[in-house]
Each structure stands twice: as C-alpha cells, then as structure tokens.
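Subject: Structure for your files

Hello,

Here is the structure I said I would pass on. My notes on strand pairing and salt bridges follow below it.

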Amino acid sequence: MAIAFGGESGRFQVVGATSLTYAFTTGGSDRQLRVGALTTAGTITGVTYNGSSATQIATTAADAGVTIYTHGLIAPTTGSNNVVVSTSASAVIVSHAVYYTGTNQSTLSDASGTQTGSGAFTHALSSSADNCWHVLYCRNGVTNMTAGTATTARSSTDDNMWFDSNAAKTPAGSVTLTISSVTGSYGSIIESISPAGGGGATTHFLSATG
C-alpha cells in the first residue's frame, strides 16, 4: 500500500502555560501521526493523542530561545481526538499535527536527522527502505515559509510548518527538501517513513528439485 497524506491540524498556540490541547481528526488505513511542537522555556515532557503517548523522534534548537520537537504515533485512534503537548515550565507552546496513511505499522521512522542554520534552506536525508516518504518540520522565527523544489507544504503559511516529499523514493536513497523565504536562524527535523509492509525490496527464492 502506498503512503498518502491524510490531513493537517492547523496551528495551535498557548502563551504562559505548561500544556496545549487541541482536537485533530485522523482516518484511513495504516496510519501514522506526527506532532510538531515548539516551546520557549523548559522542555516538552510528553505528547499524547487520545491519551496514548507518542514517541519523541527528535529535537533541536531553532531561533533564539526556541526548541522544536517532533513526536510520532503508529495507528492513532480514528476520529476526532485531543492532542496534548506538555512542558516542564510555563512557556509559549505552538503545535501542528499531520498524519499519513499506508505507513509501516511496526516501525515509526525509517531514518531521521536534525539541522540548524540561517538563510537559504535545504535538508537532505537518505532512506533505508524502498518507497519511503520524507517528512520535515521546520521553525524559522523571522519570516513565513513556502515550499521550494520537490517539496510540498502541509501547513498553512507560517514561521513553523510541516513539509514533505509528496512522493515515494525508489530505490531507497537521499532526498533533499527545500524551503523558500527562510531568513534568520532556523531548526529543522527530517525523517523518512516507510510504507505498510516495510517497503523493502522483494526477494525471490528458488527451490531445487530432482
């Protein structure tokens, strides 16, 4: 089954709090959920969806005083359920969620990586399994971002957004995602997600007779 984009939550924000809660609807088969979030103080101590704990994929610094995180959950409950992002200190918390269908139901991430920098933006990652999609969460605290070459925006125009490759990488290998209109410091987290069934190459076995 091929991977497909399922939907995005929109931007949610709270100021001076230790948790952020918002509703997000998922559906379809072989789902994986991704929650991107930032905090301006302390750390993100947990993310849940319908009470189920998501696994932290990666974290990195972004612009001054901001840290971003991504969390993932295999087979999130279908329908409208609450995402809850919790922090260790009172902070500004911002979050966007996305989900995909047709994804691996035993392995959360095929590969992942982080990057920080400033100015022109590209982020590359090599997948291990065949037919992976590459998914990226980026925070740039200066300007709103737009998708560049071979990259699809999955969030409304903002200074922290989800992007992806909108295509399977076959054979497995490096994919570069590009974001335009990035100025100042940024932080990004990229990962590859393999398809249901694992996405590996098919092996043919021959039996001898006689």
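Strand β2 (residues 12–26) runs antiparallel to β8, and twelve bridges join the two. Within that pairing, Ser-19 has Ser-86 of β8 as its bridge partner. Please keep in mind that this is a predicted model.

Strand β8 covers residues 79–101 and also pairs with strand β1 (residues 4–8), again antiparallel, through four bridges. Ala-4 is found opposite Thr-101 of β8. Strand β3 is another antiparallel partner of β8, with eight bridges between them; here Ala-37 faces Ser-95. Strand β4 (residues 44–49) is joined to β8 by five bridges, also in antiparallel fashion, and Ile-44 is partnered with Thr-87.

Now the charged side chains. There are six salt bridges in the structure.

One of them brings Glu-191 together with Arg-34, with 2.5 Å between the closest N and O atoms. Because Glu-191 belongs to strand β16 (residues 185–193) and Arg-34 to strand β3 (residues 32–39), this pair ties together parts that are 157 residues apart in sequence. Both Glu-191 and Arg-34 are buried.

A second one is formed by Asp-63 and Arg-139, at 2.8 Å from N to O. Asp-63 sits in the loop between β6 (55–61) and β7 (67–74), while Arg-139 is in strand β11 (residues 133–140); the pair links distant parts of the chain, 76 residues apart. Asp-63 has a relative accessibility of 14%, so it counts as buried. Arg-139 is buried too, with a relative accessible area of 10%. The cut-off for buried is under 20%.

Asp-63 and Arg-139 also belong to a network of salt bridges that links them with Arg-11, Asp-158 and Asp-159.

What distance separates N and O in the salt bridge between Asp-164 and Arg-154? The value is 2.7 Å. Asp-164 counts as buried because its relative accessibility is 0%. Arg-154 is likewise buried, and its relative accessible area is 16%.

Regards

Terms used
Residues numbered from 1 in each chain as written. Predicted model: local features only at pLDDT ≥ 70, side-chain atom pairs only at ≥ 80, totals over all residues. Heavy atoms only, no water. Salt bridge = Lys/Arg side-chain N within 4 Å of Asp/Glu carboxyl O. Buried < 20%, exposed > 50% of the residue type's maximum accessible area, 1.4 Å probe, protein only. Pairing = 2+ DSSP bridges.
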